[in-house]
Each structure stands twice: as structure tokens, then as C-alpha cells.
Amino acid sequence: MALASPVGIDIGGTGIKAGPVDLVRGTLTAERERVETPRPATPTAIVDSVRGVVGRLGAAGGFGITLPSVVVQGVVKTASNIDATWIGTDAVALFSEALERPCGVINDADAAGMAEVRFGAGKGNRGTVILITLGTGIGSGLFFDGVLVPNAELGHLHLHHGDAEDWAAESARERDQLSWKAWGKRISAYLELVESLLWPDLFVIGGGVSRQADKFLPFVECRTPVVPAVLHNDAGIVGAAMVAPLAR
Ligand code: BGC
């Protein structure tokens, strides 16, 4: 019997998106489902929302799940854009029990980076590739020769009197009503900080706003080549599915 497609579930500060994934092509095999992230985004509330989403998908494979958190061996260590009660939660055990299916759990930007490095803008690139997701926060996926160094939290580097993400994320552009040019300057300052520390060969810019890369990338200047993500908002779902254990 053929194995069912794994399901990727991407849990962000704003929305929860899910879909079954073809891991040979790196594409969704069905229309994705989306719901708003519940507020407060406690473990119980998120598990309920995820149950609803996967119920509507009706898929049969294993689940790979992202969280906007540092995740070490399945245990959540930080919670920037979800409720603090996640900290210390064994997310693999929680989701596997609640969804009655084997689950893998990974940081959201690590997942998006895995998808871009395998199927998208970072494909075939050797050396150090850093995916930066610009959304509610700033996520980062750090790769060397295609191998992930998990949980690089580069969105929390200190820049402009605080966390870089508070000043340069997409949410900061909206909050401060910045023009694309003004935001591009903030992104440049941020990327210059990252490149001064890690000397990457390539930056890939992801997150939903990467669809509008032609509006702000012309204003982004730094030493390292910068390219937009190819999988856009689906990268998190595809990358999540890459960590789904096999379901039989
Ligand atoms: C979190 C990261 C996450 C990023 C994007 C940050 O605030 O610390 O773990 O990847 O937001 O969601």
C-alpha cells in the first residue's frame, strides 16, 4: 500500500495553515486550509484549532507541525508570538496524543528554510544560506551546505534600541506605516548586522510579504546577494511536512 502524503501544519502568530504535501516535488497536493491563530494562543486553544483544520483536510499521512518557537527535541523553549504557557510543553507528545497520529515539531523559520533549500530559492547553493522570514516577527533558518543548524534566533539580535524584529519585521512596517523604501532601509540595516556576524553566501527573504519582493527588494542593500523565497507562504507547510514521521 502506498504511504499517504504527509501533512504540513504551519502555526504562526497570525494564522494556522495546513495542507498535504508531495515531498518529491515540494508542492501541496490539495487546497490548503487556514484559520486565524486563536487569542490567547495557549496550547489547548491551538490544539483545538489544529484539530478543526486537519478534520477539514481529511488527510491520512503523518503530521509535521511548526511553531514560532525554539523547539529542542520536541519541547518548546520560547514563545514570542504565542502564549507563554507553551514554554516547557512537550509539543510532540501533546500533538501526537491530541491528533492520534505521529507528529514532528520544528521551528517555523527552520521549516520554511528547509523547503526553500530543498525545493526553492536556496536549491543547489553551497556554503552558508540564511532564510529570513519577515512576518509578525523575524524568523531565521541557518544552513551550511544544505544542512540546517536548528533554532538560530536571529530575529532577536539587538538593533535600534531593542529586538530587531520589533523594528524591521513586516508587522513593524504596518505599525509604523512605512513606505517600501523606508522599510527596505530597515531591512538593509538588519541584514548588514546579520552578515557582519555570519558572513553568509546568500540571503533568502521569505514570509507572506515575499510575494511583494519587487516592491521592497530594490531598496535593500547589503554585501550578500539577496533573493526572494520561491515557495512564499507555502514554505512553512512544505517544510513542516518534511519532519512528519511516517504514518502507517
Ligand atoms: C521567534 C522565532 C520565529 C519567528 C517567526 C520569532 O519571534 O522567536 O522562533 O521563528 O518569530 O515566527
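Mentor: Let's start with α8: its buried residues pack against β1 (7-11), β2 (15-22), β3 (27-28), β5 (63-67) and α3. Contact here means heavy atoms within 4.5 Å. Bear in mind that this is a predicted model, where local features need pLDDT of at least 70, side-chain atom pairs count only at pLDDT 80 or more, and totals for chains, interfaces and linings use all residues. Residues are numbered from 1 along each chain as its sequence is written, and side-chain values use heavy atoms, with hydrogens and water left out.

Trainee: Which residues of α8 are buried?

Mentor: Ala235, Gly236, Ile237, Val238, Gly239, Ala240, Ala241 and Met242. That's eight of the eight residues in α8 (235-242). Buried is under 20% relative accessible area, exposed is over 50%, and partly exposed is in between (1.4 Å probe, protein chains only).

Trainee: And how are you naming helices and strands?

Mentor: They're DSSP runs numbered from the N terminus: helices are H or I with at least four residues, strands are E with at least two.

Trainee: OK, switching to the sheet. What's the strand order?

Mentor: β11-β10-β9-β14-β15, an open sheet with mixed pairing. Two strands pair if DSSP finds at least two bridges between them.

Trainee: Which ones are the edge strands?

Mentor: β11 (147-149) and β15 (226-228), each pairing on one side only. From one strand to the next, the twist averages 30°.

Trainee: How do β9 and β14 run, parallel or antiparallel?

Mentor: Parallel, with five bridges joining β9 (residues 128-134) to β14 (residues 202-206). Leu131 stands opposite Val204 in β14.

Trainee: What does α6 touch on the sheet?

Mentor: Helix α6 (residues 180-198) packs on β9, β10, β14 and β15, and its direction makes about 145° with that of β9. Angles run from 0 to 180 degrees between N-to-C directions, and axes are lines fitted to C-alpha atoms, for helices over the stretch in contact.

Trainee: Last one: at what angle do α1 and α2 pack?

Mentor: About 45°, with the axes of α1 (residues 43-57) and α2 (residues 91-99) 11 Å apart. The contact includes Ile46 and Val50 of α1 and Leu94 and Phe95 of α2.
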